[in-house]
Amino acid sequence: MTSYLIRGARILGGEPADLLIRDGRIAEPGGAADETIDGTGLVALPGLVDLHTHLREPGREDAETVETGSRAAALGGYTAVCAMANTSPVADTAGVVEQVWRLGREAGLVDVQPIGAVTVGLAGERLAELGAMATSAATVRIFSDDGQCVADPRLMRRALEYVKAFDGVIAQHAEEPRLTEGAQMHEGEVSTRLGLTGWPAVAEEAIIARDVLLAEHVGSRLHVCHVSTAGSVEVLRHAKARGVRVTAEVTPHHLLLTDELAASYDPVYKVNPPLRTAADVQALREALVEGVIDIVATDHAPHAVEDKECEWAYARPGMLGLETALPIVLSVLGERWELIADRMSRTPARIAGLDGHGGSLAVGDPANVTLVDPAARRQVDAAELASRSRNTPYAGMTLPGRIVATFLRGEATVLDGKAVK
Amino acid sequence: MIRHLLSAADLDAETATLILDTAAEMAALAGREVKKLPTLRGRTVVNLFYEDSTRTRISFEAAAKRLSADVINFSAKGSSVSKGESLKDTALTLQAMGADAVVIRHPASGAPHRLSSWVDGSVVNAGDGTHEHPTQALLDAYTMRARLGRLDGLNVAIVGDVLHSRVARSNVLLLSTLGANVTLVGPPTLIPVDIAAALSKTTRVSYDLDSVLPDADVVMMLRVQTERMQDSYFPSAREYARRYGLDVPRMRKLPEHAIVMHPGPMNRGMEIAPEVADSPRSTIVEQVANGVSARMAVLYLLLGGKA
Ligand SMILES: [Zn+2]
């Protein structure tokens with residue numbers, strides 16, 4: 001196994017120091033290494049962990065595969081991603097989650113941790129075999145019907161209770177479906193002007209409010225996917241103050257983009273939950289800093305060209321995110337490296353129960369490492385992305401930060417900004 | 001001159017007035033024996049209709065033909081459109097055919113915007129989803145001006161399902177640009193709370209039709225689809241008609257000179273009583289005739305004619 005000596009990098013933004021990676025772990029600096037990397041000006045972070053990735057395999061390999069998505073993740077500085085269950089077939093059995101897990105191992109670029117569906121076929125009617133997925137080779141701990149909300153309150157209660165047996169967590173896509181029938185974008189001034197059916201903030205907030213109360217009632221863990229409104233932040237703040245075991249994520253796009261972008265009717269800006277107002281963006285940023293929102297998760301959602309080059313109402317919702325997440329968070333939070341490491345690596349690893357990820361780059365830790373050049377600025381070019389799809393809303397934008405290298409348990413997956421395989 | 005007409009917001013007061021003045025010249029032509037102008041000879045206008053709307057299609061077709069343009073009708077039924085060809089592929093086909101203008105009617109809001117990014121010719125929005133119908137607003141403004149002599153300072157009440165109405169959106173935008181005072185009237189379920197902020201700050205909202213009528217110069221009744229009842233926007237057709245329908249007693253509350261408009265097709269007995277629709281105040285038949293003149297003016301100016 002190749003050993004790497006990274007010279008003079010700022011570990012978690014601290015003073016320049018040497019970082020030695022040997023035999024898959026962080027080693028005591030000193031002595032020679034097979035390869036030396038000049039780390040001057042670079043920042044070393046624990047490898048990023050994404051709690052919300054759509055890899056599309058099995059079923060939509062024309063949009064993304066486990067391999068292409070893994071490569072995009074590595075290039076974005078990730079060493080682990082949690083693969084959402086809304087594939088075809090749905091990841092609602094031990095067989096499918098093991099298949100995804102195995103494909104991830106074969107690609108070998110990031111740890112692919114499958115998420116299991118909460119209900120059979122994401123239909124919201126009866127529980128999938130959560131225990132079988134938990135005890136499978138994929139050792140599933142996060143369950144989610146993402147794309148669909150577990151809207152039935154009784155079913156949600158049962159799911160929250162049931163997964164306590166194996167320390168599972170339900171990750172809820174919070175969207176009251178009766179309030180979002182036909183919804184196309186955030187309900188507000190812009191939707192009124194554009195004549196696009198509104199997706200009201202209350203449809204998210206009402207489900208989060210219900211779910212935190214259910215989680216409190218049954219003493220279970222709840223994770224809230226892609227929080228998008230200022231009102232949701234208030235509900236979460238209240239729940240956390242009461243001691244509810246709830247965690248929450250925000251996407252890079254909800255930290256940066258607003259509903260005004262829909263005025264182009266270009267579905268590259270169509271996403272679920274939708275882009276909200278500038279006031280929501282501000283509240284989400286503050287909540288992330290404060291810790292009311294625990295983590296950044298990408299909701300990386302690749303779509304084939306024909307699903308985006310069409311009328312807004314006919315387009316599928318979702319945006320690419322893996323390769324641009326860190327630059328966006330860097331532009332939003334600035335160079336607060338401890339905070340970034342916490343929100344993009346440590347806390348997501350803890351929520352997902354991913355041992356070996358989200359460390360502090362201490363000697364002896366598994367060498368899951370990301371090297372970033374914060375001074376570099378790059379213009380996003382959709383054609384250059386490693387994802388099989390092109391639906392990035394950031395094309396043409398110049399963003400700070402470049403991922404120089406990524407190491408997965410001591411193996412370089414990215415060197416010099418390029419994927420190793 | 002602007003290249004496309006996608007929204008009534010594309011029109012400033014000067015351009016909108018130019019279109020209305022040109023429409024008046026076009027209307028004068030309709031009285032002549034030879035109704036055609038050679039202006040657009042050799043130019044191709046495509047009517048691309050993804051929704052059945054015979055009246056709008058015929059109106060655009062008549063407008064283009066009176067300007068001597070070649071007209072191609074591309075309707076969703078019995079063409080590649082219904083076989084699932086994408087809007088973009090259709091756009092590329094029209095582009096290859098050398099369409100100088102594409103008139104598009106589409107059930108999805110924003111489809112004309114998308115189309116305009118894929119073709120070189122002018123795109124005219126002939127109604128897109130619940131977004132806009134700018135030529136309807138032009139013909140309505142033309143009708144008001146013809147009947148009442150001005151637009152500036154007119155009090156216009158637009159009554160009904162504003163939420164789902166592309167006619168209402170375009171009218172609010174255009175009438176506000178031209179100085180009219182617009183009041184939107186209907187049940188709160190059918191009037192977006194932020195409509196004034198979204199379209200024009202001067203727009204007023206009322207939930208009480210009776211209080212609005214005595215000051216109205218124009219009452220425009222919108223078509224209300226009975227399906228809205230199933231979605232609980234209002235309890236019943238009967239209750240809707242009682243609260244927001246324009247019947248004879250309500251019509252009597254209007255000032256002497258006030259006119260009653262409807263973009264059609266009407267639900268007689270729902271939003272408008274038959275006696276009102278057929279009364280001398282009603283401009284419903286004139287609106288149809290004015291539609292051809294207004295669309296002639298739009299095609300004429302978009303395709304480079306001089307007023
Ligand atoms: Zn989701």
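Which residues does the UniProt annotation "binding site" cover? I looked this up first: the unreviewed entry gives H54(A), L55(A), R56(A), N86(A), N272(A), H303(A), P317(A) and G318(A); such annotations may be inferred rather than shown by experiment.

A note on the ground rules. I am working with a predicted model, where local features need pLDDT of at least 70 and side-chain atom pairs count only at pLDDT 80 or more, while totals for chains, interfaces and linings use all residues. Residues are numbered from 1 along each chain as its sequence is written, and side-chain values use heavy atoms, without hydrogens and water.

Next, the zinc ion. I found it coordinated by D146(A) through OD, H173(A) through ND1 and H226(A) through NE2, at 1.9 to 2.2 Å. Donors here are N, O and S atoms within 2.8 Å of the metal (3.2 Å for Na, K and Ca); water is not among the atoms, so the site may look incomplete.

Then burial, meaning under 20% relative accessible area with a 1.4 Å probe on protein chains only. I noted H173(A) as buried at 2%, H226(A) as buried at 2% and H54(A) as buried at 4%.

Last, I checked the neighbours of H54(A), taking contact as heavy atoms within 4.5 Å. Leaving aside residues within four places in sequence, H54(A) is in contact with M84(A), N86(A), D146(A), D299(A), H300(A), A301(A) and P302(A). I was pleased to meet D146(A) again, as this residue also coordinates the zinc ion.

Key. Chains lettered and ligands numbered in written order. Buried < 20%, exposed > 50% of the residue type's maximum accessible area, 1.4 Å probe, protein only.
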